[in-house]
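Thanks for coming, everyone. Let me put the structure up, and then we will walk through it.

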Amino acid sequence: MEQKTDGAGKRPALITGACAIGVFGAVMTVPIVFSDGALVIGGWYGPYLAGSAIASTVCMIGLWKMRRWGLYLYAGVVATNQVVMLSMDLWHIKMLLVPAVFAVIVLSQWGKLR
């Protein structure tokens, strides 16, 4: 099943599904922003999570519109999050699993992105 984009062509179902899951993930971050756990990590962590969720949503909007900049921004958000987790000594290789799967899905549609 494919849906129309805002320009010429169609949005592949893979991109539609990936964007929907990405927005869902960003929305699910909102309660964590206001959690006691975020405060325990530090006063900066809640605002950081909020900014990350907003940036991720912008990435999904870009990809929804089939724009390559959405993937570039997503790569930047993922890289920043990995550095932050590494600096907090909370990084684990498993943290790359979801971003890697997402990137493979989007890259499989690279020729359709503008």
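Is C59 buried or exposed? C59 counts as buried, at 0% relative accessibility. Buried here means under 20% relative accessible area, exposed means over 50%, and partly exposed is in between, with a 1.4 Å probe and protein chains only.

A word on the source. This is a predicted model, where local features need pLDDT of at least 70, side-chain atom pairs count only at pLDDT 80 or more, and totals for chains, interfaces and linings use all residues. Residues are numbered from 1 along each chain as its sequence is written, and side-chain values use heavy atoms, with hydrogens and water left out.

Now the overall layout. The protein chain has five helices and two strands. From the N terminus on, the order is β-β-α-α-α-α-α. Helices (H or I, at least four residues) and strands (E, at least two) are DSSP runs, numbered from the N terminus. Along its principal axes, the C-alpha trace spans about 50 × 25 × 20 Å. Of the 114 residues, 33% count as buried. Take the contacts with a separation of 6 or more: residues 24 or more positions apart account for 61% of them. Contact means heavy atoms within 4.5 Å.

Back to the cysteines. How many disulfides does the structure hold? It holds zero. A disulfide is a covalent bond between the sulfur atoms of two cysteines. The cut-off used here is a pair of cysteine sulfur atoms within 2.5 Å. The sulfur of C19 has its closest cysteine sulfur in C59, 9.8 Å away, so that is too far for a bond. C19 is buried too, with a relative accessible area of 3%.

Next, helix 3. It covers residues 45–64. Its 20 residues, at 1.5 Å a residue, should span 28 Å, and the end C-alpha atoms are 28 Å apart, which agrees. The expected span is 1.5 Å times one less than the number of residues. Which residues of helix 3 are buried? Among them are Y48, L49, S52, S56 and C59. An α-helix has 3.6 residues a turn, so residues three or four places apart point the same way. The cover over the buried residues of helix 3 includes helix 1, helix 2 (36–41), helix 4 and helix 5. After helix 3 comes M66, with a positive phi, near 60°.

Two residues show the packing. S52, in helix 3, is buried at 12% relative accessible area. Leaving aside neighbours within four places in sequence, S52 is in contact with V77 and N81. T29 lies in helix 1 and is buried at 17%.

Last, the largest pocket. Its volume is about 710 Å³. Of its 26 lining residues, S56, Y74, N81, V98 and P99 are the closest to its centre. On a 1 Å grid over the protein atoms alone, a pocket is an open set of points where a 1.4 Å probe fits, with protein on both sides within 12 Å along at least five of seven lines; lining residues have an atom within 4 Å of a point. Volume is the space filled by probe spheres set on the points, and points are joined across faces, edges and corners. Which helix gives the most to the lining? Helix 3 does, with seven residues.
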